[in-house]
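I opened the model to look up its metal site and some helix packing. My entries follow.

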Amino acid sequence: MEDYILRATAAEGAVRAFAAVSRNTVETARQLHNTSPVATAALGRLLTAAAMIGSTLKSDSDLVTLQIKGDGPLQGIIATSDSSSRVKGYAFNPETPFAEKYPGKLDVGSAVGKGTLTVIKDIGLKEPYSGQIELVSGEIAEDLSYYYAKSEQTPSAIGLGVLIETDETVRQAGGFMIQLMPGAPEEVVDKLENKLNSMPYVTDLLDMGKMPEDILEMILGGMDLSVTDKMPMKFYCNCTRERVEKALVSIGKSELEKIINEDQKADVKCHFCSKEYHFDKSQLKNIYNKAIER
Ligand code: ZN
């Protein structure tokens, strides 16, 4: 089954909602980065959130990046999505050792530690918009909810989950995001709170075979729920040899000269998808000449 995101409204537009199933995307990320279970869980949660937020972007060239930096063993994670919910991302320390909160529940919060969450939206303005908060728990969903309340004045209930098999592959992944629009009536807020308080974990719902449709129905059923969009979600990196060359040109003459003389080659790995680009000495000399011309 392909990954996808549902977008919906409810309560006569007072509620905006998203739900995603992201198992393939997260499994692809795991394979590309060879992440440990706790790193897979953390990265998978952030990728799923990025894809849901990405689906709200207007233009094809718009991008949203979620960046978490923490003092825990994971060090940090980054996820970027375009407006078609094509996501890419990586964990700073993919080999973060196994940590459980209790049997069967990975301790993402401890792996992340204390730190910050930064949301960067590049929507074609001169400067990308960016907002930052201190992490609340490092569990990611909670941190994002706090970000929305504080930086965007949008009360949000967010659930994100990644369930890992004993062989470390991804068994389930997905999430939901429910947001209150300005002026949402008190009774809608109360009703939502009641529903959300009795919601099982996202991973449990997915493992019971619940789909994004079911999750939205569980939360917003009876509240004039209307699904407005169904969009595919996938892991996608737009790196190319040309882009890597440009990056090499930008490191400057003296640094390039050093690489040419000392290493006689360069192997550049894309952070986002782990693809390797190899440059031999003559290719590096061409790049060096371009750096001189600048
Ligand atoms: Zn790449």
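Donors are N, O and S atoms within 2.8 Å of the metal (3.2 Å for Na, K and Ca), and water is not among the atoms, so sites may look incomplete.

I noted that this is a predicted model, where local features need pLDDT of at least 70, side-chain atom pairs count only at pLDDT 80 or more, and totals for chains, interfaces and linings use all residues. Residues are numbered from 1 along each chain as its sequence is written, and side-chain values use heavy atoms, with hydrogens and water left out.

**Zinc site**

Which protein atoms are the donors of the zinc ion? I found the SG atoms of Cys237, Cys239, Cys270 and Cys273, lying 2.2 to 2.3 Å from the zinc ion. The angles among the four donor atoms are 104 to 113 degrees, and the site is tetrahedral. For reference, the ideal angle for four tetrahedral donors is 109.5 degrees. Along the chain, the donors are spaced C-x1-C-x30-C-x2-C.

I took helices as DSSP runs (H or I, at least four residues), numbered from the N terminus. Axes are lines fitted to C-alpha atoms over the stretch in contact, and angles run from 0 to 180 degrees between N-to-C directions.

Helix H9 (residues 253–262) packs on helix H10 (residues 281–293) at about 165 degrees, with the axes 10 Å apart. H9 is therefore roughly antiparallel to H10 (over 145 degrees). In contact (heavy atoms within 4.5 Å) I listed Lys253, Leu256, Glu257, Ile259 and Ile260 of H9 with Lys281, Leu284, Lys285, Ile287, Tyr288, Ala291 and Ile292 of H10. By class, these are eight nonpolar, no polar and four charged residues. My classes: Ala, Val, Leu, Ile, Met, Phe, Trp, Tyr, Cys and Pro are nonpolar, Asp, Glu, Lys and Arg are charged, and the others, Gly among them, are polar.

**H8 and H10**

Helix H8 (residues 241–250) crosses H10 at roughly 60 degrees, and their axes come within 9 Å. Arg241, Glu245, Leu248 and Val249 of H8 meet Gln283, Leu284, Ile287, Lys290 and Ala291 of H10. I counted five nonpolar, one polar and three charged residues there.

**H1 and H2**

Helix H1 (residues 23–33) packs on helix H2 (residues 37–54) at about 130 degrees, with axes 9 Å apart. H1 and H2 are therefore oblique to each other.

Terms used: Helices (H or I, at least four residues) and strands (E, at least two) are DSSP runs, numbered from the N terminus. Angles under 35 degrees count as roughly parallel, over 145 as roughly antiparallel, 65 to 115 as roughly perpendicular and the rest as oblique. Four donors count as tetrahedral if all angles lie between 85 and 135 degrees; four count as square planar and six as octahedral if opposite donors are over 155 degrees apart and all others between 65 and 115; anything else is irregular.
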